Amino acid sequence: MVTRKPTGVSGFDELIQGGLPATSLTLLAGAPGTAKTTFSSQFLYYGATDHKEPGVYVSFSEDRASYLLAMRQFGMDFENLEKKKMFKFLDMLTPRGSIVRETTNIILKEVESLKAKRLVVDSFNALSIGLRDPASARIFLHFVLVKIMRALGTTTILISEIPAGELKTGMAGEAFLADGLVILHYFPKTLDPSSVRAVEIRKMRMTKHTERMVPFEIGPNGIKIQPQAELIL
Amino acid sequence: MTGIAAAREVLSKGSKGQVSLMLVSSENYSRYTLELIKLLMNEMKMRGVYLTVNKPYKQLIQGLSKIGVDTDKILFIDCITKLAVDEPSPNEKIIFAGSPGNLTQMGMAINQASMKLKESNERGFLFFDSMSTLLLYNETKTVAKFAHFLVTRLRVLELDGIVFAVEKDMDREVIRALAQFCDNMVNLD
């Protein structure tokens, strides 16, 4: 029996048998504007509020203040969770010392001290730039995210940016190392004020998941998926 | 038999979840859409969803109220107002769903509205005002895909579907495809 971690993304868990497999690493990929940050933040926020699981958000691309402000617009008060020691935002915008080792140490220290059960790393692309070369990023991904986090019992989402208009992922093989690959798509409509977004679950180990692309909306409480809805393009 | 009498004959005899295609000329379109809603609401005592891609809900409410239809019993899916107004005021009787070009969002709104309608046990309908407008914004194949989705959804939920199409605007192939999905086809003129 696989233990699952509900994501807090309305409707998504129905597509994957109730949640992400515990201690798994899921790659969340998508072009800019596809709501990757919102998706992964819902995973942390509802993990903390509904399941009492502390979470860490490691950002290589955004500072704390703008992140907190953006998420508050979806009703997610992370500042309050920080006060309750249920959440930690790790600002990794500035590279430090011997980068792979330092980055690893900082993340491990925070995950351990918070007893975090959920981790988000934003993003693999920024991480590769921060770690100065793709080989270091691969080492980080393989040892830190796959091996150490699994040993600590942390369920992890790794965000990956896909350039707009492209559908491929895996610049350094991250898609192969991950247990799950979830892709968020964006289809612009010329005459429409609200374009179409859809989620695709390309793979999810130990999980019977939908093969369809399922449309979703972004509302006042974040991402909302209608599992029965159809993508009609 | 033509006109509303023909529609009455078909709608009152059919079973739950039937889908009827109503073909009409552009000259008679406005009159027949309103009269058909009156038939469904006032005579057949049904509750329903009005999916509009042609007239903003405000205009529809005015027109229907004038002929004595209680619009409080209708849930509107408005796919027009958002084209002109960025963020229309929220209203629990109206779902604003993009534009006639966003069939995915329209489908999601249909799911949402029909689930709401199913909460009451009364016989319900979904009225779509018209399929022909979709052809201005979408490829024929996409419209056919949407029609198939709509008909399947209505049958599963056991809601009666009334789909309008302005005959002159549609090529014969599309009408044939639509008719194949529907249970009845009524020429109102």
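The legends below describe close-up views of a predicted model.

**View 1. The open sheet of chain A.** Strands of a sheet pair through backbone hydrogen bonds, either parallel or antiparallel. In chain A, 9 strands with mixed pairing form an open sheet, and their order is E5-E4-E6-E7-E3-E8-E9-E10-E11. Strand E5 (87-91) and strand E11 (222-225) of chain A stand at the edges with a single partner strand each, so one side of each is left without a neighbour in the sheet. On average, and with direction ignored, neighbouring strands of this sheet are turned by 25° against each other.

**View 2. Strands E3 and E7 of chain A.** Strand E3 (residues 25-30) and strand E7 (residues 155-161) of chain A pair in the parallel sense, over 6 bridges. In this pairing, A:Gly30 stands opposite A:Glu161 in E7(A).

**View 3. Helix H1 of chain A and the sheet strands.** Helix H1 (residues 36-51) of chain A lies across several strands of chain A, among them E3, E6 and E7, and runs at about 160° to E6(A).

**View 4. Helices H7 and H8 of chain B.** Helix H7 (residues 140-157) and helix H8 (residues 172-181) of chain B pack with their axes 10 Å apart, at an angle of about 15°. Because angles under 35 degrees count as roughly parallel, H7(B) and H8(B) are therefore described as roughly parallel to each other. H7(B) passes H8(B) in a right-handed crossing. Residues of H7(B), including B:Val143, B:Ala147 and B:Val151, meet residues of H8(B), including B:Val174 and B:Leu178. By class, this contact has 8 nonpolar, 2 polar and no charged residues.

**View 5. Chain A beside chain B.** In this view, 15 residues of chain A are in contact with 17 residues of chain B. The side of chain A that touches chain B has 8 nonpolar, 3 polar and 4 charged residues.

Terms used
Residues numbered from 1 in each chain as written. Chains lettered and ligands numbered in written order. Predicted model: local features only at pLDDT ≥ 70, side-chain atom pairs only at ≥ 80, totals over all residues. Pairing = 2+ DSSP bridges. Helix = DSSP H or I, 4+ residues; strand = E, 2+ residues; numbered from the N terminus. Axes fitted to C-alpha atoms, helices over the stretch in contact; angles between N-to-C directions. Contact = placed C-beta atoms within 7 Å. Nonpolar A, V, L, I, M, F, W, Y, C, P; charged D, E, K, R; others polar. Parallel < 35°, antiparallel > 145°, perpendicular 65-115°, else oblique. Left-handed = near helix turned anticlockwise from the far one by under 90°.
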